[in-house]
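Please consult the sequence and the model shown here while reading.

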Amino acid sequence: MNLAEQVFQKLSVHGLKLATAESCTGGMVAVAITNIAGSSAIFDRGFVTYSNEAKSDMLSVPPDMILEFGAVSEEVARAMAEGALKHSAADISVAITGIAGPGGGSAEKPVGLVHFAVATRDVTEAKVQLFGSLTRNEIRERAVHFALDMVLTLEISTTEFTRL
């Protein structure tokens with residue numbers, strides 16, 4: 001069973017819905033989930049917010065936050081995940097924003113830098129990964145895997161969500 005199928009099974013058992021907010025992966029997490037027959041039982045919607053304007057328009061990420069911290073930042077990843085919950089009927093959301101390359105990196109924010117956030121109605125957790133000198137597709141694939149793993153390792157109880 002692949003990671004997306006494990007997420008599907010876990011959310012199905014608990015009757016929970018997922019939303020995705022993706023930038024550098026361009027909807028690849030949503031595709032991984034919706035490739036599974038019956039995924040409508042756990043997948044509410046996906047937001048592909050590649051541009052800064054889309055992040056603000058679709059997910060209510062404050063433009064000032066993007067200007068202050070940059071689109072690739074923990075703050076924006078958190079706001080994306082929280083915005084996905086706000087604009088959906090999901091119980092859990094996962095957000096990804098990063099630099100997949102080969103261009104667009106800097107000394108401060110190199111190619112391969114990806115910020116992630118998982119949010120529930122009660123808590124938001126963010127993580128960052130630097131995938132290093134990989135190809136664009138490898139960075140995006142690893143980001144999808146990492147995001148699905150964040151959802152999978154979310155400990156689910158009947159009253160609250162906590163991290164393992």
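Helices (H or I, at least four residues) and strands (E, at least two) are DSSP runs, numbered from the N terminus.

## Basis of the model

The model is predicted: local features need pLDDT of at least 70, side-chain atom pairs count only at pLDDT 80 or more, and totals for chains, interfaces and linings use all residues. Residues are numbered from 1 along each chain as its sequence is written, and side-chain values use heavy atoms, with hydrogens and water left out.

Helix α1 comprises twelve residues, 3–14. The distance from its first C-alpha to its last is 17 Å, close to the 16 Å expected at 1.5 Å a residue; the expected span is 1.5 Å times one less than the number of residues. Its buried residues are L3, A4, V7, F8, K10 and L11.

Just after the helix, G15 adopts a positive phi of about 65°.

Helix α6 has 17 residues, and its end C-alpha atoms are 24 Å apart, in agreement with the 24 Å that it should span. The buried residues of α6 are I139, R140, A143, V144, F146, A147, L148, M150, V151 and L152.

## The open sheet

Five strands form an open sheet in the order β2-β1-β3-β4-β5, with mixed pairing. The edges are taken by β2 (43–48) and β5, each with a single partner strand, so one side of each has no neighbour in the sheet. From one strand to the next, the twist averages 15°.

Strand β4 (residues 113–120) pairs with β3 in the antiparallel sense over seven bridges; two strands pair if DSSP finds at least two bridges between them. I96 stands opposite F116 in β4.

## T124 in strand β5

T124 belongs to strand β5 (residues 124–130). This residue is buried, with a relative accessible area of 15%. When residues up to four places away in sequence are not counted, T124 touches R78, E82, A117, V118 and A119. The side chains of T124 and E82 are joined by a polar contact of 2.7 Å, a term for a pair of N or O atoms within 3.5 Å; within protein, one must be able to donate a hydrogen and the other to accept it, and residues adjacent in sequence count only if both atoms are side-chain atoms.

The structure holds two aromatic pairs. Rings of Phe, Tyr and Trp (its six-membered ring) pair if their centres lie within 6.5 Å; planes under 30 degrees apart count as stacked, over 60 as edge-to-face and the rest as tilted. The rings of F116 and F131 form an edge-to-face pair, because their centres are 6.4 Å apart and their planes stand at 90°. F116 lies in strand β4 and F131 in the loop between β5 and α6, 15 residues apart. F116 is buried at a relative accessible area of 0%, and F131 also counts as buried, at 12%.

F116 forms a tilted pair with F146, with 4.5 Å from centre to centre and 45° between the planes. F146 lies in helix α6, so this pair ties strand β4 to a part 30 residues apart in sequence.

Methods:
Buried means under 20% relative accessible area, exposed over 50%, partly exposed in between (1.4 Å probe, protein chains only). Contact means heavy atoms within 4.5 Å. Axes are lines fitted to C-alpha atoms, for helices over the stretch in contact, and angles run from 0 to 180 degrees between N-to-C directions.
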